[in-house]
Amino acid sequence: MAKIIVVTSGKGGVGKTTSSAAISTGLALRGHKTVVIDFDVGLRNLDLIMGCERRVVYDFVNVINKEASLKQALIKDKRTEGLFILPASQTRDKDALTHEGVEAVLDELAKDFDYIICDSPAGIEQGAQMALYFAEEAIVVTNPEVSSVRDSDRILGILQSKSRLAEQGKSVKEHLLLTRYNPARVASAEMLSVADVEEILAIPLLGVIPESEAVLKASNQGAPVILDEDSEAGQAYSDAVSRLLGEDVEHRFLEQQKKGFLQRLLGGK
Amino acid sequence: MGILDYLLKKNKPSSSASVAKERLQIIVAHERSTRGQPDYLPLMQQEILEVIRKYVDIDQDQVSVQLDNEDDCSVLELNITLPDAK
(Lines give C-alpha, C1' and ligand atoms only; values in the text may rest on other atoms or scores of the structure.)
Protein backbone atom coordinates (compact mmCIF):
# COMPACT_ATOMS: atom_id res chain seq x y z
CA MET A 1 0.00 0.00 0.00
CA ALA A 2 1.36 3.36 -1.00
CA LYS A 3 1.96 6.27 1.32
CA ILE A 4 0.42 9.51 0.06
CA ILE A 5 2.43 12.64 0.87
CA VAL A 6 1.38 16.16 -0.11
CA VAL A 7 3.93 18.93 -0.65
CA THR A 8 2.10 22.15 0.14
CA SER A 9 2.64 25.71 1.39
CA GLY A 10 -0.22 28.10 0.77
CA LYS A 11 2.11 30.74 -0.62
CA GLY A 12 3.49 30.47 -4.13
CA GLY A 13 7.13 30.52 -5.13
CA VAL A 14 8.49 29.03 -1.92
CA GLY A 15 9.79 25.84 -3.54
CA LYS A 16 6.94 23.31 -3.58
CA THR A 17 7.72 21.96 -7.04
CA THR A 18 11.49 22.01 -6.48
CA SER A 19 10.94 20.09 -3.25
CA SER A 20 8.45 17.64 -4.80
CA ALA A 21 10.94 16.88 -7.58
CA ALA A 22 13.87 16.49 -5.18
CA ILE A 23 12.05 14.39 -2.60
CA SER A 24 10.39 12.06 -5.08
CA THR A 25 13.72 11.54 -6.83
CA GLY A 26 15.36 10.92 -3.45
CA LEU A 27 12.77 8.29 -2.51
CA ALA A 28 13.22 6.52 -5.84
CA LEU A 29 17.01 6.61 -5.46
CA ARG A 30 16.59 4.70 -2.17
CA GLY A 31 14.72 1.98 -4.01
CA HIS A 32 11.13 3.01 -3.29
CA LYS A 33 8.87 3.02 -6.32
CA THR A 34 7.56 6.57 -6.43
CA VAL A 35 5.12 8.61 -8.49
CA VAL A 36 4.94 12.40 -8.32
CA ILE A 37 1.67 14.07 -9.37
CA ASP A 38 1.34 17.69 -10.47
CA PHE A 39 -1.95 19.04 -9.05
CA ASP A 40 -1.42 22.52 -10.51
CA VAL A 41 -4.02 22.24 -13.27
CA GLY A 42 -3.66 25.07 -15.77
CA LEU A 43 -0.13 25.98 -14.65
CA ARG A 44 1.83 22.80 -15.00
CA ASN A 45 5.50 23.11 -14.11
CA LEU A 46 6.62 19.90 -12.51
CA ASP A 47 7.38 18.48 -15.97
CA LEU A 48 9.88 21.29 -16.59
CA ILE A 49 11.60 20.86 -13.23
CA MET A 50 11.82 17.11 -13.83
CA GLY A 51 13.06 17.66 -17.38
CA CYS A 52 10.34 15.64 -19.11
CA GLU A 53 8.27 18.49 -20.63
CA ARG A 54 8.67 17.20 -24.15
CA ARG A 55 7.42 13.76 -23.27
CA VAL A 56 3.99 14.81 -21.99
CA VAL A 57 1.25 13.23 -24.09
CA TYR A 58 -1.64 12.64 -21.70
CA ASP A 59 -2.19 14.24 -18.32
CA PHE A 60 -3.90 13.83 -14.94
CA VAL A 61 -7.24 15.22 -16.18
CA ASN A 62 -7.21 12.90 -19.23
CA VAL A 63 -6.89 9.99 -16.83
CA ILE A 64 -9.69 11.26 -14.57
CA ASN A 65 -11.95 11.72 -17.61
CA LYS A 66 -10.96 8.26 -18.86
CA GLU A 67 -9.60 9.70 -22.10
CA ALA A 68 -6.34 7.90 -21.41
CA SER A 69 -5.21 5.08 -19.18
CA LEU A 70 -2.89 5.67 -16.28
CA LYS A 71 -0.25 3.65 -18.08
CA GLN A 72 -0.42 6.00 -21.08
CA ALA A 73 -0.19 9.14 -18.97
CA LEU A 74 2.61 8.16 -16.58
CA ILE A 75 6.03 9.36 -17.70
CA LYS A 76 8.94 7.16 -16.70
CA ASP A 77 11.85 9.23 -15.45
CA LYS A 78 14.93 8.75 -17.61
CA ARG A 79 17.49 9.42 -14.90
CA THR A 80 16.09 7.65 -11.89
CA GLU A 81 14.89 4.07 -11.81
CA GLY A 82 11.49 3.55 -10.21
CA LEU A 83 10.32 7.16 -10.61
CA PHE A 84 7.23 8.21 -12.55
CA ILE A 85 5.61 11.59 -13.23
CA LEU A 86 1.92 12.30 -13.75
CA PRO A 87 1.74 15.77 -15.31
CA ALA A 88 -1.02 18.31 -14.77
CA SER A 89 -3.27 19.44 -17.56
CA GLN A 90 -2.23 22.70 -19.18
CA THR A 91 -5.53 23.66 -20.76
CA ARG A 92 -8.36 22.72 -18.43
CA ASP A 93 -9.66 24.75 -15.55
CA LYS A 94 -8.98 23.69 -11.98
CA ASP A 95 -12.53 22.40 -11.46
CA ALA A 96 -11.54 19.44 -13.65
CA LEU A 97 -10.25 17.68 -10.54
CA THR A 98 -13.12 15.90 -8.80
CA HIS A 99 -12.98 14.04 -5.51
CA GLU A 100 -14.13 10.79 -7.07
CA GLY A 101 -11.78 11.16 -10.03
CA VAL A 102 -8.71 11.91 -7.92
CA GLU A 103 -9.54 9.12 -5.49
CA ALA A 104 -9.89 6.59 -8.30
CA VAL A 105 -6.48 7.56 -9.75
CA LEU A 106 -4.80 7.45 -6.33
CA ASP A 107 -6.35 4.05 -5.57
CA GLU A 108 -5.03 2.66 -8.83
CA LEU A 109 -1.56 4.13 -8.24
CA ALA A 110 -1.51 2.79 -4.68
CA LYS A 111 -1.51 -0.77 -6.04
CA ASP A 112 1.82 -0.28 -7.80
CA PHE A 113 3.74 2.36 -5.88
CA ASP A 114 5.36 2.75 -2.47
CA TYR A 115 5.08 6.53 -2.40
CA ILE A 116 2.68 8.97 -4.05
CA ILE A 117 3.91 12.57 -3.86
CA CYS A 118 1.25 15.23 -4.53
CA ASP A 119 2.73 18.55 -5.68
CA SER A 120 0.11 21.08 -4.58
CA PRO A 121 -0.62 24.34 -6.38
CA ALA A 122 -0.30 27.58 -4.41
CA GLY A 123 -3.33 29.03 -2.67
CA ILE A 124 -6.10 27.37 -0.71
CA GLU A 125 -8.53 26.83 -3.58
CA GLN A 126 -9.90 23.59 -4.93
CA GLY A 127 -6.66 22.34 -6.51
CA ALA A 128 -4.71 22.79 -3.28
CA GLN A 129 -7.50 21.24 -1.20
CA MET A 130 -7.70 18.29 -3.57
CA ALA A 131 -3.92 17.75 -3.35
CA LEU A 132 -3.99 17.55 0.42
CA TYR A 133 -7.34 15.80 0.95
CA PHE A 134 -6.11 12.22 0.59
CA ALA A 135 -2.67 12.75 2.17
CA GLU A 136 -1.40 10.79 5.14
CA GLU A 137 1.61 13.03 5.54
CA ALA A 138 2.20 16.66 4.61
CA ILE A 139 5.44 18.45 3.88
CA VAL A 140 4.80 22.13 4.51
CA VAL A 141 7.35 24.13 2.52
CA THR A 142 8.08 27.45 4.20
CA ASN A 143 10.49 30.34 3.60
CA PRO A 144 11.84 32.22 6.63
CA GLU A 145 9.69 35.21 5.76
CA VAL A 146 6.47 36.58 7.31
CA SER A 147 3.93 35.95 4.54
CA SER A 148 5.16 32.43 3.91
CA VAL A 149 5.02 31.47 7.60
CA ARG A 150 1.53 32.90 7.96
CA ASP A 151 0.27 31.04 4.88
CA SER A 152 1.86 27.82 6.13
CA ASP A 153 -0.12 28.20 9.32
CA ARG A 154 -3.29 28.62 7.26
CA ILE A 155 -2.53 25.45 5.33
CA LEU A 156 -1.90 23.58 8.59
CA GLY A 157 -5.37 24.66 9.70
CA ILE A 158 -6.85 23.25 6.49
CA LEU A 159 -4.91 19.99 6.91
CA GLN A 160 -6.33 19.69 10.41
CA SER A 161 -9.92 20.28 9.36
CA LYS A 162 -10.47 19.45 5.70
CA SER A 163 -8.29 16.42 4.96
CA ARG A 164 -9.76 12.94 4.77
CA LEU A 165 -7.89 11.85 7.90
CA ALA A 166 -9.20 14.90 9.80
CA GLU A 167 -12.74 14.04 8.75
CA GLN A 168 -12.17 10.55 10.17
CA GLY A 169 -11.02 12.08 13.44
CA LYS A 170 -7.36 11.24 12.77
CA SER A 171 -4.53 13.59 11.90
CA VAL A 172 -2.16 14.09 9.00
CA LYS A 173 1.52 13.74 9.95
CA GLU A 174 3.03 17.18 9.45
CA HIS A 175 6.59 18.06 8.48
CA LEU A 176 8.21 21.48 8.23
CA LEU A 177 10.61 21.99 5.33
CA LEU A 178 12.33 25.35 5.58
CA THR A 179 13.70 26.44 2.21
CA ARG A 180 15.78 29.35 0.91
CA TYR A 181 17.48 29.58 4.28
CA ASN A 182 20.34 32.04 4.49
CA PRO A 183 22.47 31.39 7.61
CA ALA A 184 24.49 34.59 7.12
CA ARG A 185 21.37 36.75 7.22
CA VAL A 186 20.05 34.80 10.20
CA ALA A 187 23.37 35.46 11.98
CA SER A 188 22.96 39.19 11.43
CA ALA A 189 19.33 38.99 12.64
CA GLU A 190 17.89 39.97 9.28
CA MET A 191 16.07 36.68 8.77
CA LEU A 192 13.84 34.47 10.92
CA SER A 193 15.85 31.55 12.31
CA VAL A 194 14.90 27.87 12.16
CA ALA A 195 14.06 28.07 15.86
CA ASP A 196 11.77 31.08 15.28
CA VAL A 197 9.78 29.33 12.55
CA GLU A 198 9.62 26.08 14.52
CA GLU A 199 8.33 27.98 17.54
CA ILE A 200 5.58 29.72 15.56
CA LEU A 201 4.37 26.78 13.48
CA ALA A 202 5.01 24.16 16.18
CA ILE A 203 5.44 21.18 13.85
CA PRO A 204 8.42 18.79 13.56
CA LEU A 205 11.29 19.91 11.34
CA LEU A 206 12.00 17.68 8.34
CA GLY A 207 14.81 19.72 6.91
CA VAL A 208 16.39 23.07 6.18
CA ILE A 209 17.42 23.76 2.59
CA PRO A 210 19.96 26.56 2.32
CA GLU A 211 19.48 29.23 -0.32
CA SER A 212 21.63 27.94 -3.14
CA GLU A 213 22.60 28.77 -6.68
CA ALA A 214 22.32 25.07 -7.40
CA VAL A 215 18.51 25.27 -7.29
CA LEU A 216 18.24 27.64 -10.25
CA LYS A 217 20.92 25.71 -12.09
CA ALA A 218 18.97 22.51 -11.54
CA SER A 219 15.72 23.98 -12.81
CA ASN A 220 17.53 25.46 -15.82
CA GLN A 221 18.70 21.98 -16.67
CA GLY A 222 15.52 20.14 -15.73
CA ALA A 223 17.31 17.88 -13.28
CA PRO A 224 16.06 17.70 -9.66
CA VAL A 225 18.58 19.46 -7.39
CA ILE A 226 19.00 16.35 -5.21
CA LEU A 227 21.01 14.85 -8.12
CA ASP A 228 23.57 17.63 -7.66
CA GLU A 229 25.36 15.80 -4.89
CA ASP A 230 28.07 18.44 -4.53
CA SER A 231 25.61 21.20 -3.72
CA GLU A 232 24.51 22.01 -0.20
CA ALA A 233 20.86 22.14 -1.32
CA GLY A 234 21.15 18.68 -2.87
CA GLN A 235 22.72 17.24 0.27
CA ALA A 236 20.14 18.95 2.48
CA TYR A 237 17.30 17.41 0.41
CA SER A 238 18.98 14.03 0.66
CA ASP A 239 19.08 14.39 4.47
CA ALA A 240 15.40 15.37 4.45
CA VAL A 241 14.54 12.21 2.51
CA SER A 242 16.44 10.13 5.08
CA ARG A 243 14.43 11.73 7.88
CA LEU A 244 11.20 11.16 5.95
CA LEU A 245 12.15 7.47 5.91
CA GLY A 246 12.58 7.55 9.67
CA GLU A 247 16.35 7.88 9.92
CA ASP A 248 17.84 10.14 12.54
CA VAL A 249 20.11 12.54 10.66
CA GLU A 250 21.67 15.65 12.13
CA HIS A 251 20.75 18.98 10.50
CA ARG A 252 23.48 20.59 8.43
CA PHE A 253 24.08 23.98 6.80
CA LEU A 254 22.39 25.90 9.62
CA GLU A 255 25.48 27.91 10.45
CA GLN A 256 27.24 30.50 8.39
CA GLN A 257 30.31 29.13 6.65
CA LYS A 258 33.40 30.62 8.22
CA LYS A 259 35.30 32.68 5.70
CA GLY A 260 38.84 31.58 5.10
CA PHE A 261 41.71 33.99 5.73
CA LEU A 262 42.28 34.55 2.02
CA GLN A 263 38.56 35.08 1.35
CA ARG A 264 38.41 37.70 4.08
CA LEU A 265 41.54 39.38 2.81
CA LEU A 266 40.13 39.53 -0.73
CA GLY A 267 36.69 40.51 0.52
CA GLY A 268 35.01 37.69 -1.35
CA LYS A 269 31.50 36.71 -0.42
CA MET B 1 33.69 51.98 8.16
CA GLY B 2 33.66 48.41 9.42
CA ILE B 3 33.91 49.49 13.04
CA LEU B 4 31.22 52.16 12.55
CA ASP B 5 28.87 49.61 11.02
CA TYR B 6 29.47 47.28 13.90
CA LEU B 7 28.78 49.95 16.52
CA LEU B 8 25.65 51.16 14.75
CA LYS B 9 24.28 47.65 14.54
CA LYS B 10 24.81 47.12 18.25
CA ASN B 11 22.81 50.23 19.09
CA LYS B 12 19.79 49.27 17.04
CA PRO B 13 16.81 48.66 19.33
CA SER B 14 15.61 45.45 17.71
CA SER B 15 16.57 43.47 14.64
CA SER B 16 14.18 43.10 11.73
CA ALA B 17 14.02 39.35 12.35
CA SER B 18 12.73 39.84 15.88
CA VAL B 19 10.14 42.34 14.63
CA ALA B 20 9.04 39.74 12.07
CA LYS B 21 8.77 37.07 14.76
CA GLU B 22 6.73 39.28 17.06
CA ARG B 23 4.30 40.31 14.32
CA LEU B 24 3.91 36.71 13.21
CA GLN B 25 3.22 35.43 16.73
CA ILE B 26 0.40 37.96 17.13
CA ILE B 27 -1.28 37.41 13.76
CA VAL B 28 -0.94 33.63 13.86
CA ALA B 29 -2.44 33.47 17.37
CA HIS B 30 -5.32 35.65 16.24
CA GLU B 31 -5.98 33.61 13.11
CA ARG B 32 -5.84 30.35 15.02
CA SER B 33 -8.51 31.58 17.42
CA THR B 34 -10.94 32.18 14.57
CA ARG B 35 -10.05 28.94 12.80
CA GLY B 36 -12.82 26.46 12.15
CA GLN B 37 -15.56 29.02 12.53
CA PRO B 38 -18.25 28.95 9.87
CA ASP B 39 -17.87 31.59 7.16
CA TYR B 40 -21.20 33.22 8.01
CA LEU B 41 -20.12 34.18 11.52
CA PRO B 42 -18.75 37.70 10.81
CA LEU B 43 -21.81 38.59 8.73
CA MET B 44 -24.17 37.25 11.37
CA GLN B 45 -22.34 39.24 14.02
CA GLN B 46 -22.81 42.36 11.90
CA GLU B 47 -26.54 41.75 11.46
CA ILE B 48 -27.09 41.04 15.15
CA LEU B 49 -25.28 44.28 15.90
CA GLU B 50 -27.59 46.19 13.56
CA VAL B 51 -30.73 44.77 15.15
CA ILE B 52 -29.55 45.73 18.62
CA ARG B 53 -28.58 49.17 17.38
CA LYS B 54 -32.21 49.80 16.45
CA TYR B 55 -32.94 49.91 20.15
CA VAL B 56 -29.69 50.60 21.97
CA ASP B 57 -26.70 52.60 20.86
CA ILE B 58 -23.74 50.23 21.09
CA ASP B 59 -20.35 49.82 19.45
CA GLN B 60 -18.97 46.92 17.44
CA ASP B 61 -16.69 45.83 20.25
CA GLN B 62 -19.56 45.60 22.72
CA VAL B 63 -20.87 42.50 21.00
CA SER B 64 -18.89 39.30 21.02
CA VAL B 65 -20.00 36.19 19.21
CA GLN B 66 -18.30 32.90 19.96
CA LEU B 67 -18.92 29.45 18.66
CA ASP B 68 -17.77 26.51 20.75
CA ASN B 69 -17.83 22.93 19.61
CA GLU B 70 -18.18 20.19 22.16
CA ASP B 71 -18.46 16.69 20.79
CA ASP B 72 -21.53 16.74 18.55
CA CYS B 73 -23.04 19.88 20.01
CA SER B 74 -22.23 23.47 19.07
CA VAL B 75 -22.87 26.37 21.42
CA LEU B 76 -23.25 29.88 20.06
CA GLU B 77 -22.42 32.35 22.76
CA LEU B 78 -23.55 35.94 22.36
CA ASN B 79 -22.26 38.57 24.76
CA ILE B 80 -23.62 42.08 24.61
CA THR B 81 -22.50 44.81 26.92
CA LEU B 82 -25.26 47.39 27.26
CA PRO B 83 -24.38 50.93 28.20
CA ASP B 84 -25.58 52.28 31.56
CA ALA B 85 -29.22 53.39 31.43
CA LYS B 86 -29.52 57.10 31.70
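pLDDT is the predictor's confidence in each residue, on a scale from 0 to 100. I began there, since this is a predicted model.

**Confidence**

I looked up chain B and found an average pLDDT of 78, with 81% of the residues scoring at least 70.

**Salt bridges**

I searched the whole structure next, and ten salt bridges came up over all chains. I went through some of them by hand.

My first stop was Asp153(A) with Arg32(B), where the closest N and O atoms are 2.6 Å apart. I checked where the partners sit: Asp153(A) is in helix α7 (residues 146-162) of chain A and Arg32(B) in helix α2 of chain B, so this pair joins two chains. Is Asp153(A) buried or exposed? Asp153(A) is buried, at a relative accessible area of 2%, while Arg32(B) is partly exposed at 34%.

I then turned to Glu103(A) and Arg164(A), which form a salt bridge with the closest N and O atoms 3.2 Å apart. Glu103(A) belongs to helix α5 (residues 99-112) of chain A and Arg164(A) to helix α8 (residues 164-167) of chain A, so the bridge ties together parts 61 residues apart in sequence. Glu103(A) is partly exposed, with a relative accessible area of 30%, and Arg164(A) is partly exposed too, with 26%.

Another one I looked at is Arg252(A) with Asp239(A), a salt bridge of 2.9 Å from N to O. Arg252(A) lies in the loop between α12 (232-244) and α13 (261-266) of chain A, and Asp239(A) in helix α12 of chain A, so the pair links parts that are 13 residues apart in sequence. Here Arg252(A) is partly exposed at 37%, whereas Asp239(A) is buried at 9% relative accessibility.

I also wrote down a network: salt bridges link Asp196(A), Glu199(A) and Lys21(B).

**Surface patches on chain B**

Which residues form the negative surface patch? I found Asp68(B), Glu70(B), Asp71(B), Asp72(B) and Glu77(B). I followed up Glu77(B), which sits in strand β2 (residues 73-80) of chain B. Glu77(B) has a relative accessible area of 37%, so I filed this residue as partly exposed.

I found a nonpolar surface patch as well, made by Leu78(B), Ile80(B) and Leu82(B) and covering about 250 Å². Leu82(B) is in the segment after β2 of chain B. With a relative accessible area of 52%, Leu82(B) is exposed, because the cut-off for exposed is over 50%.

**A leucine in chain A**

Last, I looked up Leu201(A), which lies in helix α10 (residues 194-201) of chain A. Leu201(A) has 4% relative accessibility and counts as buried, because anything under 20% falls in that class. How far apart are the C-alpha atoms of Leu201(A) and Leu244(A)? They are separated by 19 Å, and the two residues are 43 residues apart along the chain.

Terms used: Residues are numbered from 1 along each chain as its sequence is written. Chains are lettered from A and ligands numbered from 1 in the order in which they are written. This is a predicted model: local features need pLDDT of at least 70, side-chain atom pairs count only at pLDDT 80 or more; totals for chains, interfaces and linings use all residues. Side-chain values use heavy atoms; hydrogens and water are left out. Patches are made of residues with over 30% relative accessible area and no salt bridge: like charges are joined within 9 Å, nonpolar side chains (Val, Leu, Ile, Met, Phe, Trp, Tyr) within 5 Å. Accessible areas come from the Shrake-Rupley method with a 1.4 Å probe; for residues, only the protein chains shown count as cover. A salt bridge is a side-chain nitrogen of Lys or Arg within 4 Å of a carboxyl oxygen of Asp or Glu. Lys and Arg count as positive and Asp and Glu as negative; His and the chain ends are not counted. The place of a charge is taken as NZ of Lys, CZ of Arg, CG of Asp or CD of Glu. Helices (H or I, at least four residues) and strands (E, at least two) are DSSP runs, numbered from the N terminus. Buried means under 20% relative accessible area, exposed over 50%, partly exposed in between (1.4 Å probe, protein chains only).
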